[in-house]
Amino acid sequence: MPLTRTDSPGALPLHDDISPIADGLSPESGGVLKILNYPEYVSPDVLKAFGKTHGVEVEVTTFNTMEDAISKLRTPGASFDVWFPTPDVIGKAAVGKLLLPLNKTYLGNLANAWPQLQSPFYDEGSRYSVPYCAYTSGVGYRADEVTAGFGYGLLWDPAYKGKAYLIDDHREGLALAMLKNGSREINTEDPVKIKQAGTWLSELVPLMNIKTGIAAYQLVAEGQATVHHCWSGDMINAQSYLPKGVDADVLGYWYPSDDLGVVGTDSLAVPASATKPVLAHLLLNHLLDPAVAQENFSFTGYQPALSAITPEKMVTDEFVTEGLKSAIVTPEVYARSQQIFQISPAAEAVWLDTWSQFKAGQ
């Protein structure tokens, strides 16, 4: 059954043949700690320092979509120690025995997370995951070229034809079309409504020569994209990709002030295939330390979901310009906004097929 805020799945299942690690174990040393993550989504310096402390090399394997990540996890003989999943796949990964149940005696820094994420609705009791970064999905834009018409409609504005992009993600892309047309049913399992979203999205092909991608931080900064459906962290990160001499004031981010917006958190988990599960727990705990999280934030641009990293601190510490304050996520924004939840495999197949048809028509 799809997850909603009032219909929590409760605690995800534990399996008799996959047990949490025992208390009091020493971390593994030597060899390679293997990370499965999005590109550019954790600071290499943070990982390098952690590896040096524990006498291991840290190796990152990247993916672009959760489907790609799960395929890598399921590859025979593959093993990973830490994975960065989105909440909508944690349940299915747990049911599919892809995750190791966490032992929270190694995770004292979980107390630093936003209170509602210490036992979130998608993983009650944090059995399999801890929060990593919070984000919204909105529209990044070049403020030196876009001065009016703010909203999802920017992606439908012919003034930006040829320089408009969507997030290359089937749930995010189709949800954008729904929200633009006033529908909050971004977790629907109704094929008619899903296909209607595909029809709305297909309008963008002749109208905008729309493209898809996940590099808004680079494309908007360099001016290749004027408007880009993106995650909030992309626009914060885009400050680091601006050409020399270009001021950060050229970057803007729009997100709705009502509940017609998407918010989410990415997570940290330990795959069942981990060969260094104790050290993996220590890395999860390390990334939940506010000082480490702030250093990581300076690289990724994605906001840690920790109580100590406040909106005021993000501005005063110059992580976020005044023009990008709309990219800041607060617990209140998280509570009021829409979230993309896990849906049934049959419905997921319809979403994927509808997205594939849209992309085939580009």
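Select Trp 355 and Phe 358 to start: both are buried (under 20% relative accessible area; exposed is over 50%, partly exposed in between, with a 1.4 Å probe and protein chains only). Their rings form a tilted aromatic pair, 5.2 Å centre to centre with 45° between the planes. Rings of Phe, Tyr and Trp (its six-membered ring) pair if their centres lie within 6.5 Å; planes under 30 degrees apart count as stacked, over 60 as edge-to-face and the rest as tilted. Trp 355 and Phe 358 are three residues apart in helix H13, so about one helical turn separates them. Helices (H or I, at least four residues) and strands (E, at least two) are DSSP runs, numbered from the N terminus.

A word on the model. It is predicted: local features need pLDDT of at least 70, side-chain atom pairs count only at pLDDT 80 or more, and totals for chains, interfaces and linings use all residues. Residues are numbered from 1 along each chain as its sequence is written, and side-chain values use heavy atoms, with hydrogens and water left out.

Select Glu 348 and Arg 171. Their side chains meet in a salt bridge, 3.8 Å from N to O (a side-chain nitrogen of Lys or Arg within 4 Å of a carboxyl oxygen of Asp or Glu). Glu 348 sits in helix H13 and Arg 171 in helix H4, 177 residues apart. Both residues are buried.

Next, pick Asp 168 and Lys 359. This salt bridge has its closest N and O atoms 2.9 Å apart. Asp 168 is in the loop between strand S5 and helix H4, and Lys 359 is in helix H13, so the pair ties together parts 191 residues apart in sequence. Asp 168 is partly exposed at 24%; Lys 359 is partly exposed at 30%.

**Stop three: loop to loop**

Select Arg 184 and Asp 259. Here a salt bridge brings N and O to 2.8 Å. The pair links two loops, one between H4 and helix H5, the other between strands S8 and S9.

Which residues form one aromatic cluster? Select Tyr 38, Tyr 41, Phe 63, Phe 84, Tyr 132 and Tyr 302. Finish at Trp 156, where Lys 180 lies over the ring face, 4.7 Å from the centre.

Definitions and conventions
A charge sits over a ring if NZ of Lys or CZ of Arg is within 6 Å of the ring centre and within 35 degrees of the ring normal.
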